[in-house]
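Open the model in a viewer and keep the sequence panel beside it. The stops below say what to select next and what is there.

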Amino acid sequence: MTYARRAVAAVATCAVLGLSACSSDAPDDEPSTDPSWQSFTVGPVTLSAPSEWERSAGSDLYPSSDTDTTVALTAPENDEGVRAGVLVTVQSAPTRDATEEAAALMIGEKATTGADDVETGEGELSGASSVATVSFVSDVRRSDGTTASLRSRWIVADLDSGEQVIVRAVGPRDEFEDTPLDEILQTVTLPT
């Protein structure tokens with residue numbers, strides 16, 4: 001199963017659980033230097049998140065191949081029972097470059113969640129040979145029958161080692177700017 005198909009399945013699972021996994025655009029602000037933030041490492045990726053964020057028990061629900069690793073980090077639930085979150089996937093044997101993978105992810109999102117307000121681009125990340133970014137909004141049906149309107153930002157990065165890293169930040173559309181998701185994306189570091 002390709003990452004794009006697994007990502008679509010993850011979005012559906014997140015909607016059922018009330019979680020919001022993450023995506024990413026390359027944000028412009030400076031990374032947080034808050035000493036209370038905790039560090040997480042997923043393969044070659046290191047990132048930081050607020051101390052109340054945790055590695056989600058739901059991360060076991062995101063299917064990975066034997067060569068891929070996926071970890072979900074989530075914030076506490078908001079008043080509507082939705083969690084902002086970040087998904088980090090490391091593919092050891094990607095089948096597409098970052099730009100092609102980002103395009104495949106968007107096709108999957110448009111087909112399953114009706115993603116709109118799509119913005120794509122290129123970015124830079126120290127330690128990556130190429131970086132593609134995607135940002136969009138989508139409405140996801142939750143298990144209780146309600147719909148959650150989400151904003152997602154993705155970073156897809158090809159590493160010189162041949163691995164590919166996909167970092168997805170997602171949160172409630174109307175609260176996205178009030179969450180630390182962009183700051184978390186800015187803390188993403190790769191080996192150089």
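## After helix H3

Select Thr187: its side chain comes to 2.6 Å from the backbone oxygen of Ile184, a polar contact (a pair of N or O atoms within 3.5 Å; within protein, one must be able to donate a hydrogen and the other to accept it, and residues adjacent in sequence count only if both atoms are side-chain atoms). This is a predicted model, in which local features need pLDDT of at least 70 and side-chain atom pairs count only at pLDDT 80 or more, while totals for chains, interfaces and linings use all residues. Residues are numbered from 1 along each chain as its sequence is written, and side-chain values use heavy atoms, with hydrogens and water left out.

Thr187 sits in the segment after H3. Helices (H or I, at least four residues) and strands (E, at least two) are DSSP runs, numbered from the N terminus. Is Thr187 buried or exposed? With a relative accessible area of 11%, Thr187 is buried; the term means under 20% relative accessible area, with exposed over 50% and partly exposed in between (1.4 Å probe, protein chains only).

Step back to Asp182, within helix H3 (residues 181–186). Asp182 counts as buried because its relative accessibility is 16%. Show Arg153 as well: its side chain and that of Asp182 are joined by a polar contact of 2.6 Å.

## Helix H2

Next, select residues 98–113, helix H2. Its 16 residues, at 1.5 Å a residue, should span 22 Å, and the end C-alpha atoms are 22 Å apart, which agrees; the expected span is 1.5 Å times one less than the number of residues. At the start of H2, look for Asp97, which has a side-chain oxygen within 3.2 Å of the backbone nitrogen of Thr99. Buried residues of H2 include Ala98, Leu105, Met106 and Thr113. Gly114 follows H2 and has a positive phi, near 65°.

## Strands S6 and S7

Select residues 116–123 (S6) and 128–141 (S7): these strands run antiparallel and are joined by 6 bridges. Two strands pair if DSSP finds at least two bridges between them. Thr120 has Val134 in S7 as its bridge partner. The two strands form a hairpin with 4 residues between them, and Gly127 in the turn has a positive phi of about 100°.

## Confidence

Finally, colour by pLDDT, the predictor's confidence in each residue, from 0 to 100. The protein chain averages 80, and 77% of the residues score at least 70. Over residues 1–32 the pLDDT is below 50. Where pLDDT is low, the predicted coordinates should not be read in detail.

Key
Contact = heavy atoms within 4.5 Å.
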